[in-house]
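Q: Could you walk me through how to read some features of this model? I would like the general idea each time, then the case at hand.

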Amino acid sequence: MGSLSIDNDELGVNDVMTIVNHLLPGSSDNRRYVTAGGALSTGKYGSYDVVVRDVRPMKEEYTLETKGFELASCPTQCEDLWDMATIERDYFPELVAHIKKRTGADIVFCHMPRLRQSGKDPNNRDVQPVAGDVHVDVNEDTARNLAGKWLHDQGMGDLKYSRLLFLSNWRVLSDPPQDYPLGLLDPDTLSDEDGVYNYLIACPTIPSAPYPPIPPPGPLEEGLVDARQIATEERLIGAGYAFHHKPSYRWVYYADMTTDELLSFKLCDTDHSSPWRVPHTAFLNDRPGTVPRRSLEVRTYCIFK
Ligand SMILES: [Fe+2]
């Protein structure tokens with residue numbers, strides 16, 4: 001959709017001309033229903049031509065404070081990160097230590113590890129396909145609600161905090177160059193008004209149109225609910241953002257990420273004095289020699305008293 005007139009001379013050696021899926025104009029009822037074995041998005045999406053610039057050469061300029069995302073050298077001691085038990089037992093503590101040191105947050109906890117690979121493995125329910133459209137996973141109400149549920153579970157339901165920072169921490173688990181890297185929208189080109197809510201609803205079976213009313217958010221007492229759990233009734237997990245295309249958007253990525261690197265980016269920061277959310281999506285890098293992408297992402301909630 002649309003056409004880009006980019007001279008090859010204007011492209012850096014690792015910049016990629018590709019397509020990225022955005023919400024189409026007029027797509028007004030945006031929901032994602034998930035069941036134990038499937039999912040349905042009611043939003044209507046279309047492909048738009050974009051250039052994704054490699055910002056690895058400018059790595060030091062891109063930080064959580066300046067852009068809402070950063071790439072860090074962060075080798076892991078874990079031998080097998082393609083295993084959920086290892087992730088939750090051994091990787092979570094490593095990540096908490098790293099993020100606590102980096103952010104200075106008083107409380108950090110991990111939630112919702114996701115293994116992904118390009119071309120989903122139907123035999124492994126722990127593995128998801130790569131993200132297919134531009135999104136931010138949570139809005140501020142959802143971030144506060146999820147953090148509140150965790151605090152309630154820990155017996156800290158009355159804790160008042162001054163700031164909640166919700167990060168996604170992403171690393172590749174396959175060698176570079178990967179076929180579907182993670183693209184990030186430069187928040188300098190994003191307005192606070194951009195994006196529309198996209199509701200995530202867990203349900204026993206996928207409904208059909210006309211869709212029922214969106215259920216209310218569950219109480220804090222129900223604790224953190226993972227959308228992968230089998231739902232016996234429709235449950236609102238939360239809402240994130242979907243985005244319409246804007247020609248002024250600038251897309252970036254880090255070429256040739258390695259397993260020793262960690263890409264952290266903001267899903268929500270209640271402090272809006274610097275970039276507070278980073279839209280993102282996978283995109284096809286069709287240069288010769290790429291390998292299927294495998295990746296792990298873990299969300300960390302950073303609570304400042
Ligand atoms: Fe995401």
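A: Happy to. Helices (H or I, at least four residues) and strands (E, at least two) are DSSP runs, numbered from the N terminus, and the expected span of a helix is 1.5 Å times one less than its number of residues. This is a predicted model, where local features need pLDDT of at least 70, side-chain atom pairs count only at pLDDT 80 or more, and totals for chains, interfaces and linings use all residues. Residues are numbered from 1 along each chain as its sequence is written.

Q: How many residues does α2 have, and what does it reach from its first C-alpha to its last?
A: With 14 residues, α2 reaches 20 Å, close to the 20 Å expected at 1.5 Å a residue. Just after α2, glycine 155 has a positive phi of about 80°.

Q: Which residues of α2 are buried?
A: A residue is buried if 20 or more other C-beta atoms lie within 10 Å of its own, exposed if 12 or fewer, and partly exposed in between, with C-beta atoms placed from the backbone. In α2 the buried ones are Thr142, Ala143, Asn145, Leu146, Ala147 and Lys149. Their cover includes β9, β12 (235–242), β14 (261–269) and β16 (294–304).

Q: Which residues of the largest nonpolar core touch the most other members?
A: A nonpolar core is a set of buried Ala, Val, Leu, Ile, Met, Phe, Trp, Tyr and Cys residues joined through C-beta atoms within 7 Å. Of the 60 residues in the largest one, these are Ala143, Phe166, Leu263, Tyr301 and Cys302. β9 gives the largest share of this core, 6 residues. A second, separate core of 6 residues includes Tyr33, Ala202, Ile237 and Ala239.

Q: Where is serine 162 found, and what is it in contact with, leaving aside neighbours within four places in sequence?
A: Two residues are in contact if their C-beta atoms, placed from the backbone, lie within 7 Å. Serine 162 sits in the loop between α2 (140–153) and β9 (163–172), and its contacts beyond those neighbours are Phe304 and Lys305. From C-alpha to C-alpha, serine 162 and phenylalanine 304 are 5.7 Å apart in space, though 142 residues apart in sequence.

Q: Why does serine 162 count as exposed, and why does asparagine 285 count as partly exposed?
A: Serine 162 is exposed because it has 10 C-beta neighbours inside 10 Å. Asparagine 285 has 19 C-beta neighbours inside 10 Å, so it counts as partly exposed. Asparagine 285 lies in the loop between β15 (280–282) and β16.
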